Every structure is written in C-alpha cells, then in structure tokens.
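Me: I am new to this structure. Please take me through it in short steps.

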Amino acid sequence: MADKKEKKGFKAWWAGLKGEYSRIIWPDKPTVVRQTITVIVVTIIIGILIALIDSVVQLGIGALINK
C-alpha cells in the first residue's frame, strides 16, 4: 500500500515540477552576457576594495605594534 502512495506522491511531484519548469522565462543571450559582465566587474571592484581596506588595517596594526 505504501508503494502505491509513494508512486502517487512522485507522480504529483513530477507533474508539479513540469508545471513549474514550463513557467520559467529564460533570458536571452544579450541579457546573460550583460549580467555576467556586471557580476565580473562588481566582483573585481569589491575585491580591490577589500584589498585596500586590508592594506590600511595592516599598516595601522603595524604602526601600533612598532611603536
């Protein structure tokens, strides 16, 4: 009996999955390229900012330790 219930649950889950999958709006190529470039640029900018903050903190701690 549990086997039939599991199959029914799986079928309902699969039908729901297919229904959701059909509602996906896939982006076109220019949108994907634009968003990818944006992610790369923002990642580089944040990386540079983190490196600058790290350098300033290291200089400050180095100045405090060498006093």
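Me: Does I40 count as buried, partly exposed or exposed?

Reply: This is a predicted model, and the value is computed from it. I40 has a relative accessibility of 46%. Buried needs under 20%, and exposed needs over 50%. I40 falls in between, so the class is partly exposed.

Me: Which helix does I40 lie in?

Reply: The chain has two helices and zero strands. One of the helices covers residues 29-65, and I40 lies in that helix. Its name is α2.

Me: How much of the accessible surface of the chain belongs to carbon and sulfur atoms?

Reply: The accessible surface comes to about 6600 Å². Of the 67 residues, 1% count as buried. The carbon and sulfur share of the surface is 72%.

Me: Which side chain meets R23 in a salt bridge?

Reply: Side chains of opposite charge can pair when their charged atoms come close. A search of the whole structure finds one salt bridge. Its N to O distance is 2.7 Å, and the partner of R23 is E20.

Me: Which class does R23 fall in, and which does E20?

Reply: E20 has 48% relative accessibility and counts as partly exposed. R23 has 58%, and the cut-off for exposed is over 50%. Therefore R23 counts as exposed.

Notes:
Residues numbered from 1 in each chain as written. Predicted model: local features only at pLDDT ≥ 70, side-chain atom pairs only at ≥ 80, totals over all residues. Heavy atoms only, no water. Helix = DSSP H or I, 4+ residues; strand = E, 2+ residues; numbered from the N terminus. Buried < 20%, exposed > 50% of the residue type's maximum accessible area, 1.4 Å probe, protein only. Areas by Shrake-Rupley, 256 points an atom, 1.4 Å probe, with all protein chains shown as cover. Salt bridge = Lys/Arg side-chain N within 4 Å of Asp/Glu carboxyl O.
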